[in-house]
Amino acid sequence: MTASTETPASSFRAAERLGRIKPSPSTAAAARVRELKGQGRSILDLTVGEPDFDTPAHIKQAAIAAIEAGETKYTPVNGTPRLRQAIRGALQRTHGIEYSDAEITVGGGGKQVIFLALMATVDAGDEVLIPAPYWVSYPDMVRANEGTPVIVPTSAENGYKVTAAQLEASITDRTTWLILNSPGNPSGAIHTEEELSALAEVLRRHPAVSVLSDEIYSEISFTGTPAPSLAAVAPDLRHRVLVVSGVSKSYAMTGWRLGYAAGDPALVGAINTLQSQTSSCPSSISQAAAAAALEGPQDFIAESVPVYRERRDVAVAGLRAIDGLTPLVPDGAFYLYVDCAGLIGRTSPEGKVLADDQDVTFYLLDQAGVAVIQGSAYGSSPFFRISFATDLGTITAAVEKIAEAVAALR
Ligand code: PMP
């Protein structure tokens with residue numbers, strides 16, 4: 001009997017959980033760019049959420065040395081002692097906080113650590129406050145864990161940051177978490193120490209609410225100092241703040257998949273239990289590299305931040321000159337969130353009326369060959385996000401193309 005080469009009909013049946021979430025829009029945008037490039041179109045890609053720089057040489061060397069030294073086995077669930085020590089050193093350096101070893105855990109990227117933290121704490125119907133615009137993954141991660149994302153819209157007058165009054169008004173007896181992301185993706189907004197203190201005042205009145213402080217961009221700051229952390233500003237709340245960070249953005253290590261968290265040892269222990277039953281631990285080699293990144297010379301950050309700042313300034317100046325677009329000037333991270341309300345209702349040369357920011361995004365892709373991500377993906381419209389984690393030539397060319405495409409609208 002010969003084996004059939006026909007593909008059998010799929011009997012796949014998705015769990016109900018899967019119906020609550022959608023694939024990440026940034027991953028979807030990247031796929032669309034790849035498809036168009038595959039068709040031979042030249043696309044200026046401003047969707048990418050990762051540094052265009054290579055991982056610094058001393059970090060790569062540390063990984064190679066780890067392989068050669070046989071550090072190729074499972075590690076403790078919460079990471080190697082050396083990496084935990086390096087993380088404690090980094091948190092001390094950036095925020096002046098002394099964490100104990102039991103307060104630290106590591107995972108396969110900040111993304112995985114956030115997911116596990118939610119899985120460890122959120123029951124069906126628990127509410128998680130997510131200020132908008134937000135990083136695309138938060139609401140779906142909450143939904144995947146049966147929680148209810150409660151979106152708190154922010155406004156231009158408050159620099160797209162959640163205020164103490166908004167926080168107070170949003171808390172219910174089901175509120176489990178506030179997710180705070182500073183510097184924010186996509187806004188680049190940084191909460192000042194005063195703003196964090198005002199949020200802390202509210203949190204002191206609501207002891208059941210914890211804060212997931214996503215600080216993955218904390219060192220990509222244009223203010224001269226790393227973005228402040230709520231855990232440092234309000235030390236009395238430290239056990240209610242889970243600081244999440246990683247090496248992806250600061251050290252151009254997105255592919256190494258290494259993130260970490262610091263917080264209440266009981267929560268950290270719960271995350272470790274989940275990790276022990278999912279991935280066991282992140283890659284031993286990536287852990288060695290991350291330790292070298294956090295312990296070693298910090299020149300890469302000192303050198304890359306001014307490069308990002310120059311790109312930001314060029315992009316902001318170019319976009320400001322375009323009638324209908326208002327870029328927010330970000331204090332950190334490597335994104336520009338552009339208000340495109342002035343383009344809504346205008347008509348393309350093909351006669352299509354741009355009804356929302358999704359239409360604007362498609363128009364820029366078709367007309368200008370520039371890929372950006374629509375604000376609706378981040379829970380606020382009409383906006384689009386551009387990433388300036390790409391070279392200045394691409395940014396300048398893209399801004400010119402956007403200007404031409406906008407000028408062609410009626
Ligand atoms: N938080 C935010 C706000 C992000 O933008 C990202 C990456 N896009 C992450 C967390 C996760 O980064 P990683 O998993 O690479 O550490």
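This is a predicted model: local features need pLDDT of at least 70, side-chain atom pairs count only at pLDDT 80 or more; totals for chains, interfaces and linings use all residues.
Local features are given where pLDDT is at least 70 and side-chain atom pairs count only at pLDDT 80 or more, while totals for chains, interfaces and linings use all residues. Residues are numbered from 1 along each chain as its sequence is written.

**Domains**

The protein chain is divided into domain 1 (17-53 + 300-407) and domain 2 (71-295), with bounds from an automatic or database domain assignment. Their C-alpha centres are 26 Å apart. The contact between them (C-beta atoms, placed from the backbone, within 7 Å) takes 31 residues from domain 1 and 31 residues from domain 2. On the side of domain 1 that touches domain 2, helix H11 (299-320) is among the elements that supply at least two residues each; H11 gives the largest share, 6 residues. Helices (H or I, at least four residues) and strands (E, at least two) are DSSP runs, numbered from the N terminus.

**Nonpolar core**

In soluble globular proteins, nonpolar side chains tend to be buried together. The largest nonpolar core here has 114 residues, and Ala261 and Val370 touch the most other members. Such a core is a set of buried Ala, Val, Leu, Ile, Met, Phe, Trp, Tyr and Cys residues joined through C-beta atoms within 7 Å; buried means that 20 or more other C-beta atoms, placed from the backbone, lie within 10 Å of the residue's own. Helix H10 (residues 284-295) provides the largest share of this core, 7 residues. Leaving aside neighbours within four places in sequence, the contacts of Val370 include Leu44, Leu46 and Ile402.

**A helix pair**

The axes of helix H4 (residues 110-121) and helix H9 (residues 265-278), lines fitted to C-alpha atoms over the stretch in contact, come within 9 Å and cross at roughly 105°. H4 is therefore roughly perpendicular to H9, a term for angles of 65 to 115 degrees on a scale from 0 to 180 degrees between N-to-C directions. Val113 and Leu116 are among the H4 residues that meet H9, where Leu267 and Ala270 are among the partners.

**Backbone sites**

Most residues other than glycine have a negative phi, and most peptide bonds are trans. The table lists exceptions.

| Site | Feature | Value |
|---|---|---|
| Asn185 and Pro186 | cis peptide bond | omega about 20° |
| Ser381 to Pro382 | cis peptide bond | omega near -5° |
| Tyr160 | positive phi | about 60° |
| Ala252 | positive phi | near 50° |

Tyr160 is buried, with 22 other C-beta atoms within 10 Å. Ala252 is found in the loop between strand S7 (241-246) and strand S8 (259-262).

How values were computed:
Angles under 35 degrees count as roughly parallel, over 145 as roughly antiparallel, 65 to 115 as roughly perpendicular and the rest as oblique. Two residues are in contact if their C-beta atoms, placed from the backbone, lie within 7 Å. A residue is buried if 20 or more other C-beta atoms lie within 10 Å of its own, exposed if 12 or fewer, and partly exposed in between; C-beta atoms are placed from the backbone.
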